[in-house]
Amino acid sequence: MEWFRADGHLTNEALTALVQDGSLDELSRLEIAEHLSFCDACLQRYTDLLCGTELLTPERSCQRTLWARVRTRTLRLVTSRYATAAAAVALALTVLWGGQEIQFSHPVLPETRRAAVEHLHAWPERWNDALSETLSGVTDFFDGLRPGNNS
């Protein structure tokens, strides 16, 4: 059976056999598929034939589960990006404001062992005070950005 007309287009029998999954061997099916990939006229005729046939319907819809997966992935990406940005801003502000608060009141190398021990015992207190001031400055900054705040 001839699948192509004299002008090079597919015959109606070829398109009908393709739609009805008729007596096409693998080579004929490949030739017809290749022709349909570049011939718009035959592709339109083939599409028109397909519109008249009943399309296959799936047993169950995957739309609900697919949308849930898309939402979950989007939420994970957005959260990850904003969490990274927020951590970077918090770290930058801590370094910016916290770096100015810590000052050494004693020489770097104490002259006596007793002075060194006193310096080491006083260090956590000064560090906690400086860190508390820095964090309160950060919270004050973000409190000032709140929409209802008039200060």
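Predicted model: local features only at pLDDT ≥ 70, side-chain atom pairs only at ≥ 80, totals over all residues.
Setting aside neighbours within four places in sequence, Thr11 contacts Glu2, Trp3, Phe4, Arg5 and Arg45.

Arg45 also takes part in the packing of helix 1 against helix 3. Two packed helices are described by the angle between their axes and by the distance between those axes. For helix 1 and helix 3, the angle is about 50 degrees and the axes are 10 Å apart. The two helices are therefore oblique to each other: roughly parallel would need an angle under 35 degrees, and roughly perpendicular one of 65 to 115. Helix 1 passes helix 3 in a right-handed crossing. On the helix 1 side, the contact consists of Asn12, Leu15, Thr16, Leu18 and Val19. These meet Cys42, Arg45, Tyr46, Leu49 and Leu50 of helix 3. By residue type, this contact divides into seven nonpolar, two polar and one charged.

Helix 3, residues 40-51, also packs with helix 2. Here the axes are 6 Å apart and the angle is about 110 degrees. Helix 2 is therefore roughly perpendicular to helix 3, because angles of 65 to 115 degrees count as such. The crossing of helix 2 past helix 3 is left-handed. Helix 2 contributes His35, Leu36 and Phe38 to the contact, while helix 3 contributes Asp40, Cys42, Leu43 and Tyr46. Five of the residues in this contact are nonpolar, one is polar and one is charged.

His35 can be followed from the helix 2 side. His35 belongs to helix 2, which covers residues 26-38. His35 counts as buried because its relative accessibility is 7%, again under the 20% limit. Not counting residues up to four places away in sequence, His35 touches Phe4, Gly8, His9, Leu10 and Cys42.

Key: Residues numbered from 1 in each chain as written. Heavy atoms only, no water. Helix = DSSP H or I, 4+ residues; strand = E, 2+ residues; numbered from the N terminus. Buried < 20%, exposed > 50% of the residue type's maximum accessible area, 1.4 Å probe, protein only. Contact = heavy atoms within 4.5 Å. Axes fitted to C-alpha atoms, helices over the stretch in contact; angles between N-to-C directions. Parallel < 35°, antiparallel > 145°, perpendicular 65-115°, else oblique. Left-handed = near helix turned anticlockwise from the far one by under 90°. Nonpolar A, V, L, I, M, F, W, Y, C, P; charged D, E, K, R; others polar.
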